[in-house]
Amino acid sequence: MNRPLRHIAIFCGLLIMALLLRTNWLQYFQREALSTDEHNRRVKIAQFATPRGDIIVRGKAITGSKAVDGTDFRYRRTFKQGAMYAPVTGYASQAQGMSLLEKTYDTILSGQDDRFAFRHAKDILTGEQRRGGDVITTIDPKAQEAGYKGLTDLGARGAVVALDPRTGKVLALVSTPSYDPSVFAGNTFKEGDRFQALVKDKSKPLANRPLRETFPPGSTFKILTAAAALENGVVTDVDVASDAVSPYPLPLSSNRIGSEAGDAICNKASMKTAMQHSCNNVFLDAASKVGADKMRATAERFGFNSDVYSDEFGDMLATRSLYPTGLDKPGTALTGMGQGSLTSTPMQMAMVTAALANDGKLMQPYLVEELRGPDLSTLEKHEPKLKSQAVSEGTAKKVQEMMEFTAEEGSAQRALIDGVTVGGKTGTAQRGVNVKDEVPYGWFVSYGKKADGQSVAVAVFIDPTDMDISRSDISGGRLGGPIAKSVMQAVLGE
């Protein structure tokens with residue numbers, strides 16, 4: 001063989017070897033990634049090739065599948081009360097992809113989970129149509145409706161989260177304004193335009209405010225400040241007068257911070273009175289005395305600075321709520337009243353409230369109760385899990401005493417329910433640099449307990465940007481209290 005032919009033969013051999021190596025690399029090392037890639041059209045076709053399983057709320061499906069013609073995608077996703085449940089289900093669109101539970105449990109819902117292999121083989125033999133499994137949620141439909149109606153009646157951007165303090169079950173997860181996933185579930189140009197309109201909407205209907213957006217928690221954070229002060233011995237008796245003057249001189253600053261209740265009430269008030277009237281000075285002083293490190297450590301035991309999700313199911317991924325490191329003295333003091341660089345999701349403040357209502361035990365929040373196969377067999381079932389002992393039982397009970405007094409005699413009276421022990425705390429959170437020009441956020445957190453042990457914790461967040469309301473009328477208790485009350489009544493059957 002002459003030299004040129006030999007070179008060509010060697011080159012062709014190298015090409016064949018490279019092709020074989022690449023084929024084996026794709027077949028054995030990248031097979032899983034390619035077979036599950038959301039941009040793989042075969043994956044999308046498989047997702048909608050058969051009727052998807054359903055997302056279930058209290059025994060009723062809030063999703064469905066509808067046969068369609070003239071497309072590779074044989075079934076289109078449908079949603080019942082789509083806007084109300086969108087923060088729970090997410091969307092399953094042939095063109096736009098998936099989100100939230102629809103995405104997290106796609107292999108279950110589409111029937112592609114490896115655990116269904118035997119059943120699929122049986123379906124081939126019997127000629128039965130393949131069907132996906134079901135996702136059973138913890139949502140209470142009455143609580144979800146109460147939260148959604150409360151926010152939509154106000155015409156507000158906002159969120160509602162309700163938890164069972166004893167177990168961590170998510171009973172309501174509401175975000176407004178919302179969207180109906182059905183309107184862009186297909187793959188037509190018209191539906192694509194609808195989705196883009198939602199993306200561009202300034203009111204952010206696609207946002208999941210309970211889980212994915214953070215805000216300054218305002219005075220609702222005072223319940224955590226109180227817990228930190230009690231837990232670290234800064235306050236031992238909630239009825240004893242403090243030495244915190246009003247207006248309060250912010251450390252290392254010429255600023256003096258007052259309270260809406262007035263200096264006559266708040267000056268050197270006890271912590272119980274300060275909670276009742278939401279006096280800023282007492283909580284600024286308490287946070288300053290506890291110190292940045294211990295304040296942060298307490299906040300972290302309640303869930304700040306960590307991911308909020310179920311380890312077993314992975315369905316509760318949320319934006320982290322932050323208690324920052326490296327705070328100076330004025331920054332630490334400001335966190336005592338829920339301001340400064342502190343941020344929280346509505347879910348996080350619901351967790352704080354639930355832990356205090358549960359005698360200091362913070363249960364891991366979870367949204368999915370059970371995963372079922374097409375034959376209704378149980379694939380996985382969630383068991384309640386303790387996330388942390390946030391504070392001692394004694395500390396929690398003292399904070400409960402103050403929150404219940406605030407509901408009975410203070411700013412949280414709008415949440416009171418006959419025959420139910422209610423604790424609450426209002427919150428108004430400033431935002432922006434020029435706070436006088438910005439409409440503040442409204443917050444309300446509460447819990448309700450019945451004699452039989454049944455309980456619920458609720459966090460309501462309201463962004464009144466789109467509301468026709470004056471700054472002076474913004475009040476967490478005025479706006480959020482009635483919503484929290486209706487949610488608690490829905491859960492407790494009152």
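A disulfide is a pair of cysteine sulfur atoms within 2.5 Å. A search of this whole structure finds one. The model is predicted: local features need pLDDT of at least 70, side-chain atom pairs count only at pLDDT 80 or more, and totals for chains, interfaces and linings use all residues. Residues are numbered from 1 along each chain as its sequence is written, and side-chain values use heavy atoms, with hydrogens and water left out.

**The disulfide**

- Cys266 is joined to Cys279, with an S to S distance of 2.1 Å.
- Cys266 sits in helix 12 (residues 263–266), while Cys279 sits in the loop between helix 13 (271–277) and helix 14 (280–290), so the pair ties together parts that are 13 residues apart in sequence.
- Helices (H or I, at least four residues) and strands (E, at least two) are DSSP runs, numbered from the N terminus.
- The S-S torsion of Cys266 and Cys279 is about -75°, so this disulfide is left-handed.

- Cys266 and Cys279 are both buried (under 20% relative accessible area; exposed is over 50%, partly exposed in between; 1.4 Å probe, protein chains only).
- Cys12 has 37% relative accessibility, so it counts as partly exposed.

- Five strands form an open sheet in the order 9-8-18-17-16, with antiparallel pairing (two strands pair if DSSP finds at least two bridges between them).
- Strand 9 (170–176) and strand 16 (421–429) are the edge strands, and each pairs on one side only.
- Strand 8 (residues 157–163) runs antiparallel to strand 9, and six bridges join them.
- Leu163 has Val170 in strand 9 as its bridge partner.
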